[in-house]
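Please keep the sequence and the 3D view at hand while reading.

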Amino acid sequence: MDKHGGELVSLAPQVLERLGAEHPELFGETPRIHQELLLNTVELVSGVHNTVGGATADLAESLAAVRTVTDRIGVELFCAGSHPFSQPRLQPVTDKERYAKLIDRTQWWGRQMVIYGVHVHIGLDRRDKAMPVLDALVNYFPHFQALSASSPFWSGEDTGYASQRALMFQQLPTAGLPFQFEDWAGFEHYVDDMLKTGVIDLINEIRWDIRPVPRLGTIEMRVCDGLSTLEEIGAIGALTQCLVEEASRALDAGEKIPTMPPWHVQENKWRSARYGLDAIIILDAEGNEKLVTEHLAETLDRLAPIAADLGCSSELRDIEGIMRRGAGYQRQRRVAEANGGDLRAVVLEEARLMREGYAALGR
């Protein structure tokens, strides 16, 4: 974004070109920086790590490399679920066939995709764990959505939602909540149907909020809005890793992962997108409910021993920090109110937070 006005700038090709010349190590066999749908966006990807701390340190290194270029050309970095005021229709699309095909197919909805998210991959030791682990993460969909929600504004307006991104992205074909299958064979049958009917050409065009990634042997949690700090990313990464490990251990012990009917899952997504950390969520198939922050506190206590085993105790405790300080949508609204509704102040504050971390909040 422009460092003074906060408007998005479409300079990704220039940034990537300079990075390629100055930091070729970032573009090796497994590139750590990628082009994306829009020319205002670059995607940072960590390598494979055993610990959350290793992954966030990796991202910090890439982020610092990007800044060696962007600082010289008057560009500031911004990450949230959406940009508060830049107009979606004015954002140029990367000149690639797959992106052109996506826009041609999805038309108005595709041209609205000025949205940004954080994805977390967790490796699995057996393929037959993929579907039940997906089920386990679906139960915590509203927790992730509420913690990460950072897209209350859209095209200069307050939408009234904590996460506009959550509801916008699901308009794309194959995006949104995942279908849930009893076993891997059910997923394979679904993929075959999608390929046969031309809904997708490649398996990675299944854009579920949570999905298995056969090529990598991972489950990918894609629920979260963009996050402004590495501390927040680490917290979400730790919660994801601990929940996957908990489910994996349960399966090893012969236990069955509980599920909810799809109408409860769908309602939880809407509630968390609308109300964020104030959402009252449905907990189980019986329809029991609880405030999401209360259930998160119980969940953190339950996961503490697993976090200790995985070496991510401090990162998992940062979930409490998000709840205490407020999620991104709450922070953005506070800044907007303090500045008479000026959304430029919101963008500049989020950029400062991304650069300085929680120290920028003064607490």
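A charge is said to sit over a ring if NZ of Lys or CZ of Arg is within 6 Å of the ring centre and within 35 degrees of the ring normal. In this sense the charged end of arginine 325 sits over the ring of tyrosine 358, 3.4 Å from its centre, and arginine 274 lies over the face of tyrosine 161, at 6.0 Å from the ring centre.

The model is predicted, with local features needing pLDDT of at least 70 and side-chain atom pairs counting only at pLDDT 80 or more, while totals for chains, interfaces and linings use all residues. Residues are numbered from 1 along each chain as its sequence is written, and side-chain values use heavy atoms, with hydrogens and water left out.

**Aromatic pairs**

Rings of Phe, Tyr and Trp (its six-membered ring) pair if their centres lie within 6.5 Å, and planes under 30 degrees apart count as stacked, over 60 as edge-to-face and the rest as tilted. The structure holds 10 aromatic pairs, including the two in this table, which both involve tryptophan 208.

| Pair | Centre to centre | Between planes | Type |
|---|---|---|---|
| Phenylalanine 187 and tryptophan 208 | 5.8 Å | 65° | edge-to-face |
| Tyrosine 190 and tryptophan 208 | 5.2 Å | 35° | tilted |

The pair of phenylalanine 187 in helix α7 (residues 184–196) with tryptophan 208 in strand β7 (residues 207–208) links distant parts of the chain, 21 residues apart; for tyrosine 190, also in helix α7, the separation from tryptophan 208 is 18 residues. Here helices (H or I, at least four residues) and strands (E, at least two) are DSSP runs, numbered from the N terminus. Phenylalanine 187 and tryptophan 208 are buried, and tyrosine 190 is buried too, where buried means under 20% relative accessible area, exposed over 50% and partly exposed in between (1.4 Å probe, protein chains only). One aromatic cluster is formed by Phe179, Phe181, Trp184, Phe187, Tyr190 and Trp208.

**Two packed helices**

How do helix α4 (residues 130–139) and α5 pack, and at what angle? Their axes are 4 Å apart and meet at an angle of about 50°, which makes α4 oblique to α5, since angles under 35 degrees count as roughly parallel, over 145 as roughly antiparallel, 65 to 115 as roughly perpendicular and the rest as oblique. Axes are lines fitted to C-alpha atoms, for helices over the stretch in contact, and angles run from 0 to 180 degrees between N-to-C directions. Leu137, Val138 and Asn139 of α4 make the contact (heavy atoms within 4.5 Å) with Phe141, Pro142, His143 and Phe144 of α5. Helix α5 (residues 141–148) is mostly covered, with eight of its eight residues buried.
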